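Here are my notes on this one, as numbered points. Have the model open while you read.

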Amino acid sequence: MKRWFVLFIAFTFIFSVNTPTQGSEANITIPNKIKVGLYYGSSSRNSYELSSDVGFVVGRIQNKNPFTVVSFSDKLLEVCSASSSNFTPEKSGISDRETAAEYATKLINRGTKCYLFFDNSWSVWVDNNSNNSNAASDLIMIKGDSKYPAVILPVSAESPVFFAGSDLKTPISIEGRRYRGMLEMTTSGNLIQVVNELGLDEYLYGVIPCEMPSNWDIEALKAQTVAARTYAVANLGKWQNYGFDVSAGSSDQVYGGFSEETAKTNQAVDQTSGQILLYDGKPITAFYHADSGGRTEACKDVFGIDLPYLQPVDDIVPSQSPYETWQISLDELSKRYNTYASSSIGDIKEIIISETTLAGRAKKLLLKGTKGETLLSSDDIRNLLQLKSNYLDIAQDQTAVPAANLGLAVLSGDGSKKNIRLSGINILSQQGINHTKGDCAVISAEGIAKKITSSYNTPNTSDDIYVISGHGCGHGVGMSQWGAKAMAENGYSYTEILYHYYTGVEITP
């Protein structure tokens, strides 16, 4: 007769990393475990399907210590929420699952719906047919495909129910996606919240390939890993009201679990294990984004917090990214604003960049439409207009050709042609040196002088034709991922990449 057993698993071990920082000794504690929110809030469900190649161990966590209640040889489990008000205890104080199952089977054969309940001892509960669907769920019901009746476990925020592979190593699947570690479930109303608890580096195995293409240079992947690990450590407990540290979505770092892992990104995690970015002895807020467009942004101009390690820097190597230059029409801009804004200003006829950041991005944008006008702040520029970034060029006048569209090229010393952006370039004319902050003209191949309007020109009529172009993708703060790729491909190490984009930081050994 197989008895249920207690299995303790160490979830709370941490290790300390001591590193000299800013001329002093800093004691940095990096957790060995992290909790990731998979399903919570509006994404929660009242039932889930779990699968495992090796079966399951299922148990409860009490006083932060997990202990196993029951093992399932089943490869597939159905898990759903339930309320104790819908059941009536039939027999209590049973010593083990097998004895409880034998008793329940006799009742089942007589047509009674029976379940095995465990709360420090086994009981047999029967369905009382109350169908109280409005009652809050305080139970987790687990049904396998074997002969045993479904098992019911009490659940609370302080005592979640957990699921793991029977060998505690093999990833298990929930709703078709596999995860390392264990899955913890609690209830809220009639819904079940799911949290994945696993090792910090195991978490990063599932993050890096979701945040950066796994076929990129290994040095870029290692830079991404250190930034992502730093972000995770700095944000531990961010979602403590929900019972986890970070979410699996884009509100933190995208985490795809074991299903997204690759050998190369796992290598990047392993080769940088334990390393995070510090400033003044503390983990930094390691923001990163897709493409800076050539220059990163100050944190204070985007998030309103002046952080000394998040200051504007120029990309060392041109990124050659698909976001380097992009365009949007005035009609499309009008459609987007009128779709996402709470009130319409009609068709947009005039755009004025009324304030820029230190790095040159639009901080305030004045839109004038047929039904009114509005002044957009930095956040609204990206959110309401759905732009890739705030790094904008606005060209006007039917005779003007935006620098991004001119196709101007210079012949370099090696004989190759390179496109250039005219903003901020000095041109030698007959009158002397002209700066492209004003209008200038170049002679095309056809011998025609074409006027170029700089990105800083202020529109003055609503009848002109506008060409809105932009550069980069994302908020622009911290490390540019495409910039990191370009640096790595040009021989820079991951530490050089990180020291370039994060000013004055140290990396733990």
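1. In β35, Glu 506 is the bridge partner of Leu 278. Strand β19 (residues 277-279) pairs with β35 in the antiparallel sense, over two bridges. For the bookkeeping, strands (E, at least two residues) and helices (H or I, at least four) are DSSP runs numbered from the N terminus, and two strands pair if DSSP finds at least two bridges between them.

2. Before going further: this is a predicted model, where local features need pLDDT of at least 70 and side-chain atom pairs count only at pLDDT 80 or more, while totals for chains, interfaces and linings use all residues. Residues are numbered from 1 along each chain as its sequence is written, and side-chain values use heavy atoms, with hydrogens and water left out.

3. Back to that sheet: it is open, has three strands in the order β20-β19-β35, and its pairing is antiparallel. β20 (282-283) and β35 (506-507) stand at the edges with a single partner strand each, so one side of each has no neighbour in the sheet.

4. Another open sheet of three strands runs β23-β24-β25, again with antiparallel pairing. Its edges are β23 (348-356) and β25 (372-376); each has a single partner strand, so one side of each is left without a neighbour in the sheet. From one strand to the next, the twist averages 15°.

5. Look at the β23/β24 pairing in detail: seven bridges join β23 to β24 (residues 362-369), and the two run antiparallel. Leu 367 in β24 is the bridge partner of Ile 351.

6. Which helices lie across β24 and β25? Helix α6 (residues 330-340) lies across β23, β24 and β25, at about 80° to β23. Helix α7 (residues 378-385) lies across β24 and β25, at about 55° to β24. Axes are lines fitted to C-alpha atoms, for helices over the stretch in contact, and angles run from 0 to 180 degrees between N-to-C directions; contact means heavy atoms within 4.5 Å.

7. Now a helix pair. The axes of α3 (residues 218-234) and α4 (residues 263-271) come within 9 Å and cross at roughly 60°. The α3 side of the contact includes Ile 218, Leu 221 and Arg 229, and the α4 side includes Lys 264, Ala 268 and Val 269.

8. Last, the cysteines. The disulfide count is zero, taking a disulfide as a pair of cysteine sulfur atoms within 2.5 Å. Cys 114 counts as buried at 6% relative accessibility, and Cys 299 counts as buried at 2%. Buried means under 20% relative accessible area, exposed over 50%, partly exposed in between (1.4 Å probe, protein chains only).
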